[in-house]
Amino acid sequence: MAKASKMLIAAAAVVALCKLPAAFVPAPANRSMVMGTAAGAAMLGAAPAYADRIDDAAVKLSEQSYEFLKKIDWNEGTWAK
């Protein structure tokens with residue numbers, strides 16, 4: 001009797017697994033292609049972002065901080081803690 005109930009549970013598990021969908025996420029609809037095309041067209045018309053001011057500020061900061069960092073005694077015990 002116990003063997004029959006184990007077989008019944010195993011058969012029910014197999015049937016349940018066969019009924020599960022193959023993927024958790026549904027397939028994309030056709031409208032996603034239209035939305036992607038519209039987003040691509042919008043990006044083509046966008047102004048490019050230039051980082052010249054950021055680069056200039058980074059160069060200025062590194063030049064000014066280099067002299068300060070050279071003056072620090074990095075072998076001092078304060079920095080070893």
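Me: Let's take "buried" to mean under 20% relative accessible area, "exposed" over 50% and "partly exposed" in between (1.4 Å probe, protein chains only). What percentage of the 81 residues in the protein is buried?

Reply: Happy to start there, with one caution: this is a predicted model, where local features need pLDDT of at least 70, side-chain atom pairs count only at pLDDT 80 or more, and totals for chains, interfaces and linings use all residues. Residues are numbered from 1 along each chain as its sequence is written, and side-chain values use heavy atoms, with hydrogens and water left out. The protein exposes about 8,100 Å², of which carbon and sulfur atoms supply 69%. Of its 81 residues, the buried share is 1%.

Me: In what order do the secondary structure elements run from the N terminus on?

Reply: Helices (H or I, at least four residues) and strands (E, at least two) are DSSP runs, numbered from the N terminus. The protein has three helices and zero strands. From the N terminus on, the order is therefore α-α-α.

Me: Which helix has the highest confidence?

Reply: Across the protein, pLDDT (the predictor's confidence in each residue, from 0 to 100) averages 75, and 64% of the residues score at least 70. Confidence is lowest in helix 2 (residues 31-44), with a mean of 67. The highest mean, 90, belongs to helix 3.

Me: Which residue forms a salt bridge with Glu67?

Reply: The structure holds one salt bridge, meaning a side-chain nitrogen of Lys or Arg within 4 Å of a carboxyl oxygen of Asp or Glu. Glu67 is partly exposed, at 43% relative accessible area. With the closest N and O atoms 3.7 Å apart, the partner of Glu67 is Lys70.

Me: How much area does the nonpolar surface patch cover?

Reply: Patches are made of residues with over 30% relative accessible area and no salt bridge, joining like charges within 9 Å and nonpolar side chains (Val, Leu, Ile, Met, Phe, Trp, Tyr) within 5 Å. Leu69, in helix 3 (residues 52-71), passes that accessibility cut-off because its relative accessible area is 40%, which is partly exposed. Areas come from the Shrake-Rupley method with a 1.4 Å probe; for residues, only the protein chains shown count as cover. Together, Phe68, Leu69, Trp74 and Trp79 make a patch of about 480 Å².
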